[in-house]
Each structure stands twice: as structure tokens, then as C-alpha cells.
Amino acid sequence: MTPTNRQSPHPGDATRGRLLALMREGTWTVDDLAAQLGLTDNAVRFHLAALEREGGVAKAGVKKGSGAGKPAILYSLTRAADEAFSRAYAPVLSACVEELRATMSGSQLGAFLARVGKRLAGDKPAKRDSLRKRVTGASDLLNSLGGITKVEGSNQIYRIVGRACPLAAAVEPDHCVCSVVTALVANVVDAEVRECCDRSGRPKCCFEITTEVNKPRKRHVAG
């Protein structure tokens with residue numbers, strides 16, 4: 001499980017699913033989890049070790065007590081794993097877009113969503129990278145947010161082609177949400193970006209990057 005994937009690890013594993021659901025309630029020791037789940041300590045440790053490697057569980061200190069012996073380690077879900085259980089993000093985003101559309105013009109909403117995408121992209125690197133590296137960075141960022149994309153092309157003309165959209169659930173009811181991802185990509189690659197996503201069914205990202213640097217053209221005024 002990567003930190004930003006919005007799905008619980010090994011969803012078909014019933015035992016692990018029970019363990020994860022229980023851990024949403026707080027921090028637990030191995031003994032506590034074993035007692036709650038009716039498992040041996042070793043079975044619990046096996047699952048915890050796998051989840052820790054995947055980034056779903058982390059050590060959260062030790063259990064305080066006056067008993068002798070080695071303190072018991074407490075385990076908790078990571079934030080990414082806890083977020084994986086939530087189904088609220090897409091509906092909340094869609095509701096926000098609906099509310100904004102009711103109070104803004106189309107151009108105002110598009111500009112607002114573009115600013116959101118720019119904020120998501122973060123700061124541009126101080127040192128100039130090649131266009132290829134910047135495009136790959138944009139693709140990697142989309143994938144870290146839940147997309148499935150790859151980079152195609154060369155010689156200053158590239159395409160980020162996706163098989164899934166990280167905002168698909170919100171894009172389906174309102175295509176203007178694509179403005180967020182387009183602005184994110186444009187900010188990372190610092191180049192001309194043309195959005196050509198496939199929305200004929202389940203949305204799939206596609207962005208064409210065609211020029212080296214996205215700088216405003218100078219206006220020439222006749223003297």
C-alpha cells in the first residue's frame with residue numbers, strides 16, 4: 001500500500017480487515033488485539049508486520065503500566081490507512097463544486113479550480129530540470145494521488161496518458177473538476193498543457209505537453 005492509495009490493503013483478507021477495522025478505534029497492543037480477535041499473539045504480529053511494511057500501521061509508543069517486564073508496544077493506523085476507509089471525499093468535493101457553481105460564473109469557477117490545482121502541485125523546484133523529468137514528476141504526482149498514468153512521447157512533445165483519474169468520482173458529475181488536475185500538471189511541468197481526457201465512460205486522464213517553458217508572450221505595441 002502506498003501512503004496515498006485510497007483503498008485498504010488486502011481487502012479480500014477477512015482477518016486483516018477485522019484487524020484494521022478494530023484499529024480504527026484507537027491504539028492497541030499485540031495482546032489486546034489477540035484477545036479481541038481470538039487469535040494467537042504470533043498471528044497478530046504476522047499481520048502487523050505486513051501492515052507496517054506496507055505503511056498501513058505504525059508503532060505509537062508503549063503502554064504505560066507498573067508491571068514488570070518489557071513494556072508492550074502500542075500500534076495504530078497511519079493517517080493514509082485511516083483515510084482509506086473514508087467514502088466522504090468525492091461526495092464532499094462534488095457538493096462543494098455544485099455550491100460554487102451556484103454562486104460563481106463559469107469563468108470564476110474555472111479560475112478557482114485552477115488555483116486549487118496549483119496549490120496541490122506545491123512549489124516548483126528551484127533548479128530547472130529537463131522537460132522529460134518534469135513531465136515524469138507530474139505523472140508520478142498524479143499516481144501518488146490515486147491515478148494510473150504513464151509518460152509517452154519525446155523531443156519536447158509528451159503526453160501523460162492515464163487509465164484512471166484520481167478525481168473520477170467528482171469528474172463524472174461535473175467535468176469542470178478536470179481543471180484542478182490540468183492546473184496541477186501545468187504547474188509541475190512549467191510548460192504548455194492541453195487537457196484531452198477521455199470522459200466517454202469512466203474518466204481517464206490525458207494531458208499533452210507541447211512547449212518547453214510556459215511563459216507569457218510579450219505584447220508588441222506598434223510605435
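Student: What joins E3 to strand E4 (residues 157–164)?

Tutor: Seven bridges do, and the strands run antiparallel; two strands pair if DSSP finds at least two bridges between them, so E3 and E4 count as paired. This is a predicted model: local features need pLDDT of at least 70 and side-chain atom pairs count only at pLDDT 80 or more, while totals for chains, interfaces and linings use all residues. Residues are numbered from 1 along each chain as its sequence is written, and side-chain values use heavy atoms, without hydrogens and water.

Student: Which strands stand at the edges of the sheet?

Tutor: The open sheet has four antiparallel strands in the order E3-E4-E6-E5. E3 (148–154) and E5 (193–195) each have a single partner strand, so one side of each lacks a neighbour in the sheet. Helices (H or I, at least four residues) and strands (E, at least two) are DSSP runs numbered from the N terminus.

Student: What makes H6 and H9 oblique?

Tutor: Helix H6 (residues 106–121) packs with H9 at about 45°, their axes 7 Å apart. That makes H6 oblique to H9, because the term covers what is left after under 35 degrees (roughly parallel), over 145 (roughly antiparallel) and 65 to 115 (roughly perpendicular). Axes are lines fitted to C-alpha atoms over the stretch in contact, with N-to-C angles from 0 to 180 degrees.

Student: Why is aspartate 174 called buried?

Tutor: Its relative accessible area is 16%, and buried means under 20% (exposed is over 50%, partly exposed in between; 1.4 Å probe, protein chains only), so aspartate 174 qualifies. Aspartate 174 lies in the loop between helix H8 (168–171) and helix H9 (178–189).
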